[in-house]
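Thanks for coming, everyone. Let me put the model on the screen, and then I will walk through it.

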Amino acid sequence: MLRAGGTLLYTTLLHWRHLQTRIKIYYGKGGDQSMLSTIPTRLESVKKEDLDKEILRAGIIAELDAINLYEQMAAVAKNNDIKKILRDIAKEEKTHVGEFLTLLLGKDGEQGVELEKGKEEIEELIGK
Ligand SMILES: [Fe+2]
């Protein structure tokens, strides 16, 4: 794997750990965690050609959740320096979403087509 990809995967796994922790907090210890896919997934059940796409989608999920976490913490932090740093980190997480999405669009042509369809449907419905 490329060095940049390795860094991305490592970052994603860190985010995933924090996401799993948030779920445990939300549902209580030993609570239901079935609402989310798991990382690492059961590798034997994933087609080899789909594995990278699944990793990239999981990365996007983890980064989006990280954005929410940092923005929520920024909203409740009392210290302005902490608020500023948390907002900056949330912004960096948005870059990570873009990195994963860019890679996913390169591997999943159907996703690119459906993304465009989604934009068109919004333009039709909202007129923007
Ligand atoms: Fe991130």
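**Lys 84, and outward from there**

With 12 C-beta neighbours inside 10 Å, Lys 84 counts as exposed, because the cut-off for exposed is 12 or fewer. Keep in mind that this is a predicted model. Lys 84 sits in helix H3. Now look across to Ala 74. In sequence, Lys 84 and Ala 74 are ten residues apart. In space, their C-alpha atoms are 7.4 Å apart.

Let me step back to the whole chain. The protein chain has four helices and zero strands. From the N terminus, the order is α-α-α-α. There are 128 residues, and 13% of them are buried. Next, the contacts. Take those in the protein chain with a separation of 6 or more: 60% of them join residues 24 or more positions apart.

Back to H3. This helix covers residues 80–107, which is 28 residues. How far apart are its end C-alpha atoms? They are 41 Å apart. At 1.5 Å a residue, H3 should span 40 Å, so the two values agree. Which residues of H3 are buried? They are Leu 86, Glu 93, His 96, Phe 100 and Leu 104. Note the glutamate and the histidine in that list.

Now H2, residues 51–76. H2 has 26 residues. From first C-alpha to last, H2 reaches 38 Å, close to the 38 Å expected at 1.5 Å a residue. Its buried residues are Ile 55, Leu 56, Ala 58, Gly 59, Ala 62, Glu 63 and Ala 66. Here too a glutamate, Glu 63, is buried.

How do the two helices pack? In general, two packed helices are described by the angle between their axes and the distance between the axes. The axes of H2 and H3 come within 8 Å and cross at roughly 165°. That makes H2 roughly antiparallel to H3, because angles over 145 degrees count that way. The crossing of H2 and H3 is left-handed. What is the contact of H2 with H3 made of? Its residues divide into 16 nonpolar, two polar and ten charged.

Is Asp 52 exposed or partly exposed? Asp 52 has 17 other C-beta atoms within 10 Å, so it is partly exposed. Asp 52 and Leu 104 are 52 residues apart in sequence. Their C-alpha atoms are 8.3 Å apart in space. Leu 104 is one of the buried residues of H3.

That is my tour. Questions, please.

Notes
Residues numbered from 1 in each chain as written. Predicted model: local features only at pLDDT ≥ 70, side-chain atom pairs only at ≥ 80, totals over all residues. Helix = DSSP H or I, 4+ residues; strand = E, 2+ residues; numbered from the N terminus. Buried ≥ 20, exposed ≤ 12 C-beta atoms within 10 Å, placed from the backbone. Contact = placed C-beta atoms within 7 Å. Expected span 1.5 Å × (residues − 1). Axes fitted to C-alpha atoms, helices over the stretch in contact; angles between N-to-C directions. Parallel < 35°, antiparallel > 145°, perpendicular 65-115°, else oblique. Left-handed = near helix turned anticlockwise from the far one by under 90°. Nonpolar A, V, L, I, M, F, W, Y, C, P; charged D, E, K, R; others polar.
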